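Good morning, and thank you for coming. Please look at the sequence and the model as I present them.

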Amino acid sequence: MTLEAFADTFVPGEKRSPDDVAVAGAAAGPGAVEAGAIKLLETPATGVADGLDDVVSTLNDHANSYAAEHGISLDDAVPAFVALDYEHRSALMRALTAPDHPEKEFWILTALFCFMAFDTAAHMDTVQAMEAGHPGLQMMGFAKPDPDGLWRFPDFSYGRQLSRPHPDTTPNGDPA
């Protein structure tokens, strides 16, 4: 729940159900959690998967300290960070990612994976993500591939050709 609340703080989405406490419901539509942020964070290739228990513990320690400093009573039935409302979660994350915070790089690195899950579906094959209706890619209007699974763009994005292909470029676009 703590990781979901963390991801939802950076790319908020709507609650999955009325009793959802991890996703705060601060925005309409899908957010990082629905886009697969937890799956991406748990992927060994990220380099953070083995340390997620420490992320959760440290974040909840910071949330307890934040709550004490601000006179906030937390619900003991859920982890401390989850017990904070969205505004307080956001304020805590602004403090933890501030230029002068000693753990800034750690929190920014972890947050980047939440953005990546939403913006790029980095935990999925892109064609499969498009077929599955990945919420972030859909929301951004990401172009669908051709029927063979390849992306081709017959129109130049700048409205004109920026350079000529190298004369040795193969028919499928690979450099010689």
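Helices here are DSSP runs of H or I with at least four residues, numbered from the N terminus. Helix H1 covers residues 2-10, and alanine 7 lies in it. The model is predicted, so local features need pLDDT of at least 70 and side-chain atom pairs count only at pLDDT 80 or more, while totals for chains, interfaces and linings use all residues. Residues are numbered from 1 along each chain as its sequence is written, and side-chain values use heavy atoms, without hydrogens and water.

Is alanine 7 buried or exposed? Alanine 7 is buried, because its relative accessible area is 0%; buried means under 20% and exposed over 50%, with partly exposed in between, for a 1.4 Å probe and protein chains only. Leaving aside residues up to four places away in sequence, alanine 7 touches Ala32, Val33, Ala37 and Cys114, where contact means heavy atoms within 4.5 Å. Its C-alpha atom is 9.5 Å from that of leucine 112, which is 105 residues away along the chain.

Let us turn to the core. A nonpolar core is a set of buried Ala, Val, Leu, Ile, Met, Phe, Trp, Tyr and Cys residues joined through side-chain atoms within 4.5 Å. The largest one has 36 residues, of which Phe6, Leu41, Leu59, Phe81 and Leu92 touch the most other members. At least two residues of this core come from each of H1, H2 (32-35), H3 (37-41), H4, H5 (80-83), H6 (86-96) and H7. Beyond residues up to four places away in sequence, phenylalanine 81 has contacts that include Phe6, Leu59 and Leu92.
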